[in-house]
Amino acid sequence: VQLQASGGGLVQAGGSLRLSCVASGSIFRINAMGWHRQAPGKQRELVAEIISGGSTNYADSVKGRFTISRDYLKNTVYLQMNSLKPEDTAVYYCVVTHSTRWGNVLNYWGQGTKVTVSS
């Protein structure tokens with residue numbers, strides 16, 4: 001499974017960005033898709049995830065500002081980020097939890113897309 005993320009960039013505080021991540025390759029079943037981020041000098045953290053069936057989880061710091069969604073036909077996950085703050089500055093990584101037909105479950109990570117929010 002390969003992941004291609006896009007949509008990062010430079011934006012002023014209060015602005016918006018939309019991240020996209022497309023999964024491709026030998027896909028049998030995607031259990032969950034999500035986004036993590038890692039700011040300079042900090043550990044990587046979960047931002048948002050969407051699980052098969054549509055349930056979602058968000059970090060407290062982004063609730064009410066970020067929205068995760070998924071296009072099941074396109075194997076694509078989106079992260080709409082509104083009201084961005086300088087503390088949202090980080091490299092954002094797409095992650096997919098995938099099951100093979102033999103029941104093996106693995107996480108796949110994208111290459112990361114950088115988001116910079118200026119004050």
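Tutor: Let us start with a definition: helices (H or I, at least four residues) and strands (E, at least two) are DSSP runs, numbered from the N terminus. Please bear in mind that this is a predicted model.

Student: Understood. How many helices and strands does the chain have?

Tutor: The chain contains 0 helices and 11 strands. Along the sequence the pattern reads β-β-β-β-β-β-β-β-β-β-β. The radius of gyration is 14 Å, close to the 14 Å that the globule rule gives for 119 residues, so the chain is as compact as a globular protein of that length.

Student: What box do the C-alpha atoms fill?

Tutor: Taken along the principal axes, the box is roughly 50 × 25 × 25 Å.

Student: And what share of the residues counts as buried?

Tutor: Of the 119 residues, 41% count as buried. As for the surface, the chain exposes about 6400 Å², and carbon and sulfur atoms supply 49% of that area.

Student: What about contacts between residues 24 or more positions apart?

Tutor: Such residues account for 53% of the contacts in the chain with a separation of 6 or more.

Student: Changing topic: how many disulfides does a search of the whole structure find?

Tutor: The search finds 1 disulfide. This bond joins Cys 21 to Cys 94, with an S to S distance of 2.1 Å. The pair links distant parts of the chain, since Cys 21 lies in strand 3 (residues 17-24) and Cys 94 in strand 9 (residues 90-99), 73 residues apart.

Student: Which handedness does the link have, and are the two cysteines buried or exposed?

Tutor: The link of Cys 21 and Cys 94 is left-handed, with -85 degrees about the S-S bond. Both Cys 21 and Cys 94 are buried.

Student: Ser 20 is also in strand 3. Why does Ser 20 count as buried?

Tutor: Ser 20 has a relative accessible area of 16%, and buried means under 20%, so Ser 20 falls in that class.

Student: What is Ser 20 in contact with, leaving aside its neighbours within four places in sequence?

Tutor: Ser 20 is in contact with Gln 4, Ala 5, Ser 6, Trp 35, Val 77 and Tyr 78.

Student: Let us turn to Tyr 72. Where does Tyr 72 lie?

Tutor: Tyr 72 is in the loop between strand 7 (66-71) and strand 8 (76-81). Its relative accessibility is 43%, so Tyr 72 counts as partly exposed. Apart from neighbours within four places in sequence, Tyr 72 is in contact with Ile 51, Ser 52, Gly 53 and Gly 54.

Student: Which residues other than glycine have a positive phi?

Tutor: Asn 75 is one of them, with phi near 50 degrees. Asn 75 is found in the loop between strand 7 and strand 8, and at a relative accessible area of 21% Asn 75 is partly exposed. Ser 83 is another, with phi near 50 degrees. Ser 83 sits in the loop between strand 8 and strand 9, where Ser 83 counts as partly exposed at 41% relative accessibility.

Student: Finally, how far apart are the mean positions of the positive and negative charges?

Tutor: The mean positions of the 12 positive and 6 negative charges of the chain are 6 Å apart.

Technical notes
Residues numbered from 1 in each chain as written. Predicted model: local features only at pLDDT ≥ 70, side-chain atom pairs only at ≥ 80, totals over all residues. Heavy atoms only, no water. Disulfide = S-S within 2.5 Å. Buried < 20%, exposed > 50% of the residue type's maximum accessible area, 1.4 Å probe, protein only. Contact = heavy atoms within 4.5 Å. Rg over C-alpha atoms; globule rule 2.2 N^0.38 Å. Areas by Shrake-Rupley, 256 points an atom, 1.4 Å probe, with all protein chains shown as cover. Lys, Arg positive; Asp, Glu negative; His and termini not counted. Charge placed at Lys NZ, Arg CZ, Asp CG, Glu CD.
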